[in-house]
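Here are my notes for you, with the model open alongside. I have kept them as numbered points so that you can follow each one on screen.

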Amino acid sequence: MATALKNNVEDTKQAALSPRLKGRENAKDTLCRNVTIYGKCRYEDKGCAFSHNIDKHVVDSGHNESQPKKTLNVESPSFTPSFLSPNGTSASVKKAPGISPKAASAAPFMPKAIISRSSNATPLRQEARTPDWAVAQVQEFIPRATPDQHMANENEISVTQAFESFQPANASNPYLDHSINGAAFYSGAPEFQQPVQYHQYAPIGPFSANLAPYQRTVHDLFIPNDLREEIQKKAAATLQTMPGSTLPSQIENYHSLVPLDATHKSSSVLGNYNSWIYKAQSNANGHFFVLRRIEGFRLTNEMAIRAGQTWKSVISPNIVRTIDVFTNRGFGDSSLFFAMDYHPLAKTLLEYHHIGPPGPNWTRSTRTNKDQVSEPVMWSYIVQIASALKTIHASDLAARVLDPSKVLVTGKNRIRLNGCGILDVVQYDGGTLPIAQLQRQDLVNFGILVLSLGSGFPDAGANFVRSMDNFKRFYKADLQNAVVWLYSAVQNQEKTIDHFLTLISSQMVKAFNASLHSDDALYSELSREVENARLVRLVTKLNFINERPEFEHDRAWSENGERYFLKLFRDYVFHQVDGQGRPVVDLGHVLTCLNKLDAGTEEKITLISRDEQSCFVVTYREVKKGIESAFQDLVKRGGPMR
């Protein structure tokens, strides 16, 4: 009985332990969690029932897809803390922003290779450092590109290639702000050439007009940008040169020739001679002039040159002044030269209003409404040409050249007769033609010139009726009557320029008033710059005085001398900083201080040294006296002012 009972108890224990034994047998096919998490199980040699062969499970997971996935398996990422403090403890990690809904359509994560872990790696605990295998062997994340991403990449490549083909290589981009982090990222991108220097004359942006009477804006202190740009462009055109030119280096007293007109067709206006125009610089005074060359002209009478020299005494604001007349063989032939005043960027009326050269391809429709001369502008032209003819006829001369291609537009509604006196030399007749007849022909040419401008036909004199019909569409009866009066002057010997001036006296008053308004506007713009020279002289004196290196050991110029507060005043004007130590760039502060200094006011200012150990309380009058005394002392120590 005892033996049977003992056997029953053993059977009962064996039956009770059978599920656990079966579980231990199944555990041998399960990877140990310690290996998954830490890389090694410390209980592997102490009877751990789970499997520790990671390579076997990697292979099985790739081939046995029917095996159900465990909660933790080899595909689970290893735990690696994002932030560790220097002492090994986990640091506080900022909460990452939420995942964007666009992440659902992101490309799947596909690592390049499976991370292999060493079996003898040190287990990672919270207080231990990150193991080497977790850092060194982690592969870079490279997602698979979707079709949309492929298309985007192709677009980026095409844009980059187009950009690289457009931009020159090995040039620096002056507009790139290298303080921005993105500048380093684009360091390998194509770069730019040096920009045009006119960008500093760009139009000023919007500004507040609701200012108090005592308030001023910066652009109120200087001339407008468009006027400054116009002057700058004219100066650039005057100094323009032509490197590698094959033109003669010297023509009489003129050098550095630059062609201004590329056309060399013969002109019936100048007696069917080929005419060339050059800009040249004088050896005598360095000024720039225009040389008009009449090609192939042979001088047969010395009196012809004297007839041209007579025009040197004709001076009018509406005539291009003649400087000299001479012949020269510098171009390999016998050429006649007229030296005249140079007006940079001037255009002829033919070019300015697009009247167009006569020819089969030119039609009246080629002109636009913008090219049509308005009636006030037309009257302004008429008054200026009449004024020029008055001066010429009063000198007992005749212009003889009145054509849209020989009248220059040198400014807004500002014209000058050009080429006067050329026919007196080219077609010299010894005075056989009466001067009164030539002057009446000037009036006829004057009328044809006005008719060509208004009708748009360059050959208005060839068909007066057709041109006059078109002229009547744009202008009133007063202007029409003036053109008819001028055109009929050849048939009436009593008509002179004085009679015409009496006829248009009311329009002359309007033109004179417009000229006065323009003069007032320019004078007002000039008044904005009148203080600049005074302030520049003050700044120049300050820079002459402050921090003279040759006077470092001179007590009067040292840090303890009487010149020291002038250095502090310079810092007070130009080197101010705000509460955060940032430089203050305030033009209003500079102009205010310099104006008070020039006036020598009794206003007191506080000057503090750079080390904040010294403080001066002085008035602008005392600073002004100190500047004058120091500057005079400086002049005495040096040579005379230049």
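1. A word on ground rules. This is a predicted model, in which local features need pLDDT of at least 70 and side-chain atom pairs count only at pLDDT 80 or more, while totals for chains, interfaces and linings use all residues. Residues are numbered from 1 along each chain as its sequence is written, and side-chain values use heavy atoms, with hydrogens and water left out.

2. The overall picture. The protein chain has 20 helices and 12 strands; helices (H or I, at least four residues) and strands (E, at least two) are DSSP runs, numbered from the N terminus. Of its 642 residues, 32% count as buried, where buried means under 20% relative accessible area, exposed over 50% and partly exposed in between (1.4 Å probe, protein chains only). Among contacts with a separation of 6 or more, 60% are between residues 24 or more positions apart; contact means heavy atoms within 4.5 Å.

3. The largest nonpolar core. This core has 47 residues, and those with the most contacts inside it are Ile382, Ile392, Leu417, Phe446 and Phe500. Such a core is a set of buried Ala, Val, Leu, Ile, Met, Phe, Trp, Tyr and Cys residues joined through side-chain atoms within 4.5 Å. Helix 10 gives the largest share, 11 residues. If you click on Phe446 and set aside neighbours within four places in sequence, you will find it in contact with Ile382, Ile385, Ala386, Leu389, Leu402, Leu486 and Phe500.

4. A second core and helix 18. A separate core of 23 residues includes Leu566, Cys593, Leu594 and Val618. Leu566 is also one of the buried residues of helix 18. That helix (residues 564-574) is mostly covered, with 9 of its 11 residues buried. The buried set includes Lys567, Arg570 and Asp571. Its cover includes helix 17 (532-545), helix 19 (587-599), strand 11 (604-608), strand 12 (615-619) and helix 20 (620-637).

5. A helix pair. How do helix 13 (residues 464-471) and helix 14 (residues 477-487) pack? Their angle is about 160 degrees and their axes are 11 Å apart. Axes are lines fitted to C-alpha atoms, for helices over the stretch in contact, and angles run from 0 to 180 degrees between N-to-C directions. The two helices are therefore roughly antiparallel, a label for angles over 145 degrees. Phe464, Met468 and Phe471 in helix 13 meet Leu479, Gln480, Val483, Val484 and Tyr487 in helix 14. By class, this contact has 7 nonpolar residues, 1 polar and no charged ones; Ala, Val, Leu, Ile, Met, Phe, Trp, Tyr, Cys and Pro count as nonpolar, Asp, Glu, Lys and Arg as charged, and the others, Gly among them, as polar.

6. Glu525 sits in helix 16 (residues 505-529) and is buried at 17% relative accessibility. Its C-alpha atom is 5.4 Å from that of Ile223, 302 residues away along the chain. Beyond neighbours within four places in sequence, Glu525 is in contact with Ile223, Pro224 and Leu227.

7. Two backbone spots to look at. Glu252 is not a glycine, yet has a positive phi of about 55 degrees. This residue lies in the loop between strand 1 (250-251) and strand 2 (254-259) and is partly exposed at 40% relative accessibility. Arg400 has a positive phi too, near 65 degrees. Its place is the loop between helix 10 (375-394) and strand 9 (407-411), and Arg400 is buried, with a relative accessible area of 17%.

Key:
Parallel < 35°, antiparallel > 145°, perpendicular 65-115°, else oblique.
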